[in-house]
Amino acid sequence: MKKNDVLLILIGLFIAAAAWFWLNGKQEPTEGTVVIYKDGNVHTTFPLSSDEIITIEDKEGGINVVSIKDGKAEMIDANCPDKLCIHTRPAQKNGQSIVCLPNRVVVEVKSTEKDVIDGVSE
Amino acid sequence: MEHNKTKQMIILSMLTAMAIILHYIEGFFPLPVAIPGIKLGLSNVVSLVALYLFGPGSAFLIMILRVLMTSFLYSGLSSAIFSLAGGLSAVSFMIAIWKLRDKGFSIVGASVAGGIFHNVGQLLAASFVLGTFTVFSYLPVLAVSGIVTGAATGILANLLVPRLKKIISIYLN
């Protein structure tokens, strides 16, 4: 291991830490919106304060069920093979998301007020 | 000369086989990321070793063959895009650091760069599939995991390469 290797590792760790604080820093539970994407397009949008069960289906037979309750959005059911989306922690803060890659579904919480993270996650 | 080319091909084939097995093994270590198909990048260590033994061409060749073979054998074409994006970006940045090997970078640095950019490449592929850059919120976790695996495999490769060089030079002559 040489000097520049150590430098590279330190810069990498620094950027990771900075990104982490930037993403998690100002995430007070917000007057948020839950945006559900399907195939990269906005499928539906609900306020985080609503009480809803949303089913997202597609022609290929992909089914995802999202529940919005008590200020949290959660994937409660899906027919994807790995079920990783169901095991993802509920999204309740600005910028948090649940991803179901096999069915190409993304559930994202966005702050209703415009802020920095909105600009990035667009 | 022809004889040596055959021998070199045999070595590259063995390395490719190792990369395929490592790719299979890393499937047993799921990352704390809700994106299936995203992997540690252990198999990149083989491309790294090939890079320092035979140069960039061999590193790329092994990576491409590994992606093709693993997607045909078990992971399927849908996660081939992650393998390919991760592999391409990892090997490219390894080569960049390899070129700077006289300027204070060792094989460990190349491995760390490969580890980080393996994951950046996979996230780019995921955002392409999903049509949103939301997945980049996993970047901090994946960058740190890339640095840790990169450093570990780099230290291993650092021990391995001089020994392999000796063995291969005996074998080739």
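Trainee: At what angle do helix α4 and helix α5 of chain B pack?
Mentor: This is a predicted model, in which local features need pLDDT of at least 70 and side-chain atom pairs count only at pLDDT 80 or more, whereas totals for chains, interfaces and linings use all residues. Residues are numbered from 1 along each chain as its sequence is written, and chains are lettered from A and ligands numbered from 1 in the order in which they are written. Helices here are DSSP runs of H or I with at least four residues, strands are runs of E with at least two, and both are numbered from the N terminus. The axes of α4 (residues 77–99) and α5 (residues 107–130) of chain B, as lines fitted to C-alpha atoms over the stretch in contact, lie 7 Å apart, and the angle between their N-to-C directions, on a scale from 0 to 180 degrees, is about 145°.

Trainee: Is the crossing of α4(B) and α5(B) left-handed or right-handed?
Mentor: By class, their contact has 17 nonpolar, 8 polar and no charged residues, where Ala, Val, Leu, Ile, Met, Phe, Trp, Tyr, Cys and Pro count as nonpolar, Asp, Glu, Lys and Arg as charged, and the others, Gly among them, as polar. A crossing is called left-handed if the near helix is turned anticlockwise from the far one by less than a right angle, and right-handed if clockwise. For α4(B) and α5(B) the crossing is right-handed.

Trainee: What radius of gyration does chain B have?
Mentor: Chain B comes to 6 helices and 0 strands, and its C-alpha atoms fill a box of roughly 55 × 40 × 25 Å along the principal axes. The radius of gyration is taken over C-alpha atoms, and the globule rule is 2.2 Å times the number of residues to the power 0.38. Because a compact globule of 173 residues would come near 16 Å by that rule, the value for chain B agrees with it, at 16 Å.

Trainee: What percentage of the residues in chain B are buried?
Mentor: A residue is buried if 20 or more other C-beta atoms, placed from the backbone, lie within 10 Å of its own, exposed if 12 or fewer, and partly exposed in between. In helix α2(B), 9 of the 11 residues are buried, so that helix is largely enclosed by the rest of the structure; among them are B:Val45, B:Leu48 and B:Tyr52. Over the 173 residues of chain B, the buried share is 49%.

Trainee: How far is the C-alpha atom of B:Leu53 from that of B:Val161?
Mentor: B:Leu53 lies in helix α2 (residues 44–54) of chain B and counts as partly exposed because it has 18 C-beta neighbours inside 10 Å. Leaving aside neighbours within four places in sequence, B:Leu53 is in contact (C-beta atoms within 7 Å) with B:Val161, B:Leu164, B:Lys165 and B:Ile168. B:Leu53 and B:Val161 are 108 residues apart along the chain, yet their C-alpha atoms are separated by 7.0 Å.

Trainee: Which element gives the largest share of the side of chain A that touches chain B?
Mentor: In total, 33 residues of chain A are in contact with 27 residues of chain B. The elements of chain A that give two or more residues to this side include α2 (84–87), β6 (97–100), β7 (105–111) and α3 (116–121). The largest share is 12 residues, and it comes from α1(A).

Trainee: How are α1(A) and α6(B) oriented to each other?
Mentor: The axes of α1 (residues 3–24) of chain A and α6 (residues 139–172) of chain B come within 8 Å and cross at roughly 160°. The residues that make this contact include A:Leu13 and A:Trp20 of α1(A) and B:Pro140 and B:Ile147 of α6(B), and they divide into 12 nonpolar, 1 polar and no charged. Since angles over 145 degrees count as roughly antiparallel, with under 35 as roughly parallel, 65 to 115 as roughly perpendicular and the rest as oblique, the two helices are therefore roughly antiparallel.

Trainee: Is A:Asp70 buried or exposed?
Mentor: Most residues other than glycine have a negative phi. A:Asp70, however, has a positive phi of about 50°, and it lies in the loop between β4 (63–69) and β5 (72–78) of chain A. Because 11 other C-beta atoms lie within 10 Å, A:Asp70 is exposed.

Conventions:
Two residues are in contact if their C-beta atoms, placed from the backbone, lie within 7 Å.
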